[in-house]
Amino acid sequence: MSDGEEKNKIRIEHSIAAGDYLKAGGASNDIKETLKMIGIPPNITRRAAIIAYEAEMNLVIHGGGGNIAANIDDKQIEIVTTDHGPGIPDVALALQEGYTTANDNARSMGFGAGMGLPNIKRNSDVFNIDSEVGKGTTLKAAIDITK
Amino acid sequence: MTLDDIAKSLNGKILCCEEKLSSITVEKAFASDLMSDVLAFCKPGALLITGLTNVQIVRTVQMLDIPAVLFVRGKVPLDETVNLARDSGIPLVLLGTAMFGTCGELYAKGVLSSFDGGNPNE
C-alpha cells in the first residue's frame with residue numbers, strides 16, 4: 001500500500017490476494033474512508049465505494065489477485081484494477097446482468113449473481129474494460145465530481 | 001421506530017454495539033442473502049436482513065452506509081464477522097424467525113422496502 005498526495009491529487013493503492021475472502025473489502029473501505037475524510041459528498045462516496053468493492057471482489061474471485069488504485073483529484077475519482085488472471089473472453093456477455101462465472105466458494109459468500117460489472121458500470125460516468133484472454137484485465141471506472 | 005424497538009419486539013439477541021440501538025431509526029429495510037443484489041439495489045440507510053454469516057456482510061454494509069444487520073433463521077455470524085462489526089460500530093442482531101416472517105412483522109410495523117431499481121444518484 002502507498003498513499004501519496006500532491007497538488008490536490010491523492011492516490012491510494014492496495015495489492016489484493018486471490019481467494020482471501022477474510023481481507024477482501026479492506027482496500028475498498030480504506031478508499032471509502034479517505035473519500036469521507038476529504039469531504040467528498042456521501043452520494044459520490046457511496047458510488048465510489050460500490051465500484052471499488054465490486055472491482056476488488058472481482059480480483060479476489062476471478063482475477064487471481066491483483067492491484068486496486070483510487071486516483072482522486074478536483075475533477076474525478078478514478079478506480080483502476082489490474083490483474084494477470086485468465087481474462088474475460090466476451091466482455092459484452094460479462095456486462096449482462098445475471099451472467100456469472102463465479103465459483104461455489106464465491107456464491108457461498110453471497111456473490112456471483114452476475115451483478116458486479118453491471119453495477120460498476122451503473123455507478124460510473126466513465127467505464128472501460130481492457131481484457132485479453134490469458135493475459136489479464138484492466139478495469140477503469142471514474143466518477144465526475146464536478147457535476 | 002428505533003432498532004431497539006425492533007430488537008425487543010422480535011426477541012432479538014444483540015451481538016455487538018448495543019449502545020447504538022436506540023439511536024438508529026429504521027424506516028426502510030432490504031432483505032437478501034445475495035450481497036451482489038444488496039450492492040446493486042439497496043438504498044442508503046436501510047436495515048439489512050440476511051441469513052448469511054460471513055465477514056463480507058460487514059464489508060457490504062460498510063460500503064452502503066447500512067446502519068445495522070438482522071440475522072434471520074437463527075444463523076450466528078462467524079467470529080470474524082462479529083469482530084469487524086464491533087470495530088466498525090455496526091450493531092448485529094440475531095433473530096430466530098425466518099426471513100419471510102421477519103419482513104412481514106417489520107412491514108406491519110411500518111418499515112418499508114428500500115429496493116432501488118433505478119438511478120444510483122437518486
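**Exercise 1.** How many residues of chain B are in contact with how many residues of chain A? Describe the side of chain B that touches chain A by element and by class.

*Solution.* The model is a predicted one. Begin with the count: 20 residues of chain B are in contact with 24 residues of chain A. Next, assign the side of chain B that touches chain A to elements, where those giving two or more residues are helix 2 (35-41) and helix 3 (56-64) of chain B.

**Exercise 2.** Determine how helix 2 of chain A and helix 3 of chain B pack, and which residues make the contact.

*Solution.* Take the geometry to start with: helix 2 (residues 42-61) of chain A and helix 3 of chain B pack with their axes 8 Å apart, at an angle of about 150°. Because angles over 145 degrees count as roughly antiparallel, helix 2 of chain A is roughly antiparallel to helix 3 of chain B. Then list the residues: helix 2 of chain A contributes A:Arg46, A:Ala49, A:Ile50 and A:Tyr53, while helix 3 of chain B contributes B:Arg59, B:Met63 and B:Leu64. By class, this contact has 5 nonpolar and 2 charged residues, and no polar ones.

**Exercise 3.** Characterise the largest nonpolar core, and follow the contacts of B:Leu48.

*Solution.* The largest nonpolar core has 75 residues, and those with the most contacts inside it are A:Ala48, A:Ala52, B:Leu39, B:Leu48 and B:Val69. Helix 2 of chain A gives the most to this core, with 11 residues. Turning to B:Leu48, and leaving aside residues up to four places away in sequence, B:Leu48 touches B:Phe30, B:Val38, B:Val61, B:Ile66 and B:Val69.

Definitions and conventions: Residues are numbered from 1 along each chain as its sequence is written. Chains are lettered from A and ligands numbered from 1 in the order in which they are written. This is a predicted model: local features need pLDDT of at least 70, side-chain atom pairs count only at pLDDT 80 or more; totals for chains, interfaces and linings use all residues. Two residues are in contact if their C-beta atoms, placed from the backbone, lie within 7 Å. Helices (H or I, at least four residues) and strands (E, at least two) are DSSP runs, numbered from the N terminus. Ala, Val, Leu, Ile, Met, Phe, Trp, Tyr, Cys and Pro count as nonpolar, Asp, Glu, Lys and Arg as charged, and the others, Gly among them, as polar. Axes are lines fitted to C-alpha atoms, for helices over the stretch in contact, and angles run from 0 to 180 degrees between N-to-C directions. Angles under 35 degrees count as roughly parallel, over 145 as roughly antiparallel, 65 to 115 as roughly perpendicular and the rest as oblique. A nonpolar core is a set of buried Ala, Val, Leu, Ile, Met, Phe, Trp, Tyr and Cys residues joined through C-beta atoms within 7 Å. A residue is buried if 20 or more other C-beta atoms lie within 10 Å of its own, exposed if 12 or fewer, and partly exposed in between; C-beta atoms are placed from the backbone.
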